[in-house]
Amino acid sequence: QVHFVESGGGLVQPGGSLRLSCVASGTPFIIWTMGWYRQAPGKQRELVATVSRDGPTTYADSVKGRFTISKENAENTVTLQMNSLKPEDTAVYYCSADIGVGGANDVYWGQGTQVTVSS
């Protein structure tokens with residue numbers, strides 16, 4: 001089993017910043033890709049940003065230039081630095097990872113952390 005601990009969500013004013021972190025732990029595993037998705041009320045879950053084990057990153061167009069994803073392989077940790085936040089960034093943010101355990105790959109999800117951008 002693989003478990004995630006997410007932290008860093010909260011309430012922030014427009015233009016402000018937040019930093020989300022996610023730490024994976026559990027049985028021996030290898031993380032191939034790790035990242036963040038979000039789901040706003042009444043909307044589908046969407047990709048925010050991902051980072052692969054060897055470094056390449058992917059960002060949603062709506063967050064490019066404002067959000068930065070980074071990882072620490074040794075610590076099984078991914079961090080999302082969110083700057084210049086907008087009300088439309090309000091959502092539940094979910095940590096997700098494509099993980100190999102015992103030779104089998106699967107996608108794992110965290111429990112989610114609320115981000116609210118409001119004045």
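**View 1. Pairing of strands E7 and E8 around isoleucine 69.** In this predicted model, isoleucine 69 stands opposite leucine 80 in E8. E7 (67-72) and E8 (77-82) pair in the antiparallel sense over 6 bridges; strands are DSSP runs (E, at least two residues) numbered from the N terminus, and two of them pair if DSSP finds at least two bridges between them. The two strands form a hairpin with 4 residues between them, and asparagine 76 in the turn has a positive phi of about 50°. Residues are numbered from 1 along each chain as its sequence is written, and side-chain values use heavy atoms, with hydrogens and water left out. Local features need pLDDT of at least 70 and side-chain atom pairs count only at pLDDT 80 or more, whereas totals for chains, interfaces and linings use all residues.

**View 2. Strand E8 and its pairing with E3.** E3 (18-26) runs antiparallel to E8, joined to it by 6 bridges. Within this pairing, valine 23 stands opposite threonine 77 in E8. Because 5 of the 6 residues of E8 are buried, this strand is largely enclosed by the rest of the structure (buried: under 20% relative accessible area, 1.4 Å probe, protein chains only).

**View 3. The largest nonpolar core.** This core has 31 residues, and those with the most contacts inside it are Phe4, Met34, Trp36, Leu80, Met82 and Tyr93. A nonpolar core is a set of buried Ala, Val, Leu, Ile, Met, Phe, Trp, Tyr and Cys residues joined through side-chain atoms within 4.5 Å. Elements giving two or more residues include E1 (2-7), E8 and E11 (113-117), and the largest share, 5 residues, comes from E9.

**View 4. Surroundings of phenylalanine 4.** Leaving aside residues up to four places away in sequence, phenylalanine 4 touches residues including Cys22, Met34, Cys95, Ile99, Tyr108 and Trp109 (contact: heavy atoms within 4.5 Å).

**View 5. The largest cavity.** The structure holds 1 cavity of 30 Å³ or more, and the largest cavity has a volume of about 70 Å³. On a 1 Å grid over the protein atoms alone, a cavity is a set of points where a 1.4 Å probe fits but cannot get out, and lining residues have an atom within 4 Å of a point; points are joined across faces, edges and corners, and the volume is the space filled by probe spheres set on them. Among the lining residues are Ile31, Met34, Arg53, Glu72 and Asn76. E4 gives the most to the lining, with 3 residues.

Notes. 1 Å grid on protein atoms, 1.4 Å probe; cavity = no way out; pocket = protein on both sides within 12 Å on 5 of 7 lines; lining within 4 Å. Buried < 20%, exposed > 50% of the residue type's maximum accessible area, 1.4 Å probe, protein only.
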